[in-house]
Amino acid sequence: MEKKQRPADILLLKERLLEKLPAIPKVVQEAWKLIEKGNVSPSVIGEVIGRDMTLSAKVLRLVNSPFYGFPNRIGSLKHAIVLLGLDTIKGLLISTVVFGKVTQEIKELWAHACDCATTAGIIARVLNIKEADELTVSGLLHDMGKVVIKNYFPELDAKIQKVKRRNNCTDREAEKEVLGVSHDDINGWMAEKWHFPATLKEGLIYHHQVKKAIKYPIFAAVISLADILSHIYRLKFGQCLPIVEDEVCHILKLNPKIITKIISEMDKSLYTFDWDEI
Ligand SMILES: [Fe+2]
Ligand SMILES: [Fe+2]
């Protein structure tokens, strides 16, 4: 019989993980500080980001991707910032840090993040939720805890994958068995360290436990639904999926007509943006 995995020491894991998080580029740090201070103009933030050519190109490429569906091409950072708002730009900058280079190991997670980002935006538009842009960023980052485990703790990731196959369970259940925590808990550690806005945090931390989202349940509900629909859309044989919580149906007032509309929009829009194309 296979030996049962002892969960890693959670505090130690947290310390090691936060230590290993990629260094935030100077330009991003500076832009964050200015955003957090408040009362800063889009041109000032645009100037700061514009000092890093690769970063500027990534932000512009993402803004012009079908995630956002803007009808005209956005050519300047200032315009992007005006359209998306500072919190969303902060989230976009973070996504460049979290995903960095999309290696073979995280390609699948990146594709799922893109699906979830697009779907979160679609749900927001179908349901007339005004924070569609922020929800798109939240969708992009919703499984960032998995990305850091894969990138920085490959030995733990290998154990998680093994438990998943052995128990035919969800990622989250396997993570709990191996780590003692799951990627949504890890999202919370990262969100805390990087001072994410409360709305963004809600989707990252509670997308698997919407009933625990107290402050902005609608954010958690949209990301939860976007996550599950993205998985169902590309369902693989034998894959074990989380189920849609009753709270999600209740908070978003879902009905078959709304779900059909969301799925038909997903048919037209699901798109994987390639960081490395630029
Ligand atoms: Fe997740
Ligand atoms: Fe996910």
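Lysine 253 sits in the loop between α15 (246-252) and α16 (256-269). Helices here are DSSP runs of H or I with at least four residues, strands are E runs of at least two, and both are numbered from the N terminus. This is a predicted model, in which local features need pLDDT of at least 70, side-chain atom pairs count only at pLDDT 80 or more, and totals for chains, interfaces and linings use all residues. Residues are numbered from 1 along each chain as its sequence is written, while chains are lettered from A and ligands numbered from 1 in the order in which they are written. Lysine 253 is not a glycine, yet its phi is positive, about 50 degrees. Lysine 253 is exposed, because 8 other C-beta atoms lie within 10 Å. The cut-offs are these: 20 or more other C-beta atoms within 10 Å of a residue's own make it buried, 12 or fewer make it exposed, and anything in between is partly exposed, with C-beta atoms placed from the backbone.

Asparagine 39 is another residue other than glycine with a positive phi, near 55 degrees. Its loop lies between α2 (26-37) and α3 (42-50). Is asparagine 39 buried or exposed? Asparagine 39 counts as exposed, since it has 5 C-beta neighbours inside 10 Å.

## Two domains

The chain is divided in two by an automatic or database domain assignment. Domain 1 covers 1-21 + 101-278, and domain 2 covers 23-99. Their centres, taken over C-alpha atoms, are 23 Å apart.

Where do they touch? In domain 1, 22 residues are in contact with 19 residues of domain 2. Contact means that the C-beta atoms of two residues, placed from the backbone, lie within 7 Å. On the domain 1 side, α7 (107-126), α8 (132-141) and α9 (144-152) each give two or more residues. α8 gives the most, with six residues. This side has 15 nonpolar, five polar and two charged residues. Nonpolar means Ala, Val, Leu, Ile, Met, Phe, Trp, Tyr, Cys and Pro; charged means Asp, Glu, Lys and Arg; the others, Gly among them, are polar.

## One buried side of α11

Helix α11 spans residues 171-179. Its buried residues are Asp171, Ala174, Glu175, Glu177, Val178 and Leu179. They lie on the same side of α11, because they cover an arc of only 165 degrees around the axis. That arc is taken from the directions from the helix axis to the C-beta atoms. The buried residues of α11 pack against α1 (10-20), α9, α10 (154-167) and α12 (183-193). After α11 comes glycine 180, with a positive phi near 85 degrees.

## α12 against α13

The axes of α12 and helix α13 (residues 198-206) come within 7 Å and cross at roughly 155 degrees. Axes are lines fitted to C-alpha atoms, for helices over the stretch in contact, and angles run from 0 to 180 degrees between N-to-C directions. α12 and α13 are therefore roughly antiparallel. Angles over 145 degrees count as roughly antiparallel, under 35 as roughly parallel, 65 to 115 as roughly perpendicular, and the rest as oblique. α12 brings Asp184, Asn187, Gly188 and Ala191 to the contact, and α13 brings Lys201, Leu204 and Ile205.

## Tyrosine 206

Tyrosine 206 is in helix α13. It counts as buried, because it has 25 C-beta neighbours inside 10 Å. Leaving aside neighbours within four places in sequence, tyrosine 206 is in contact with Lys212, Ala213 and Ala220.
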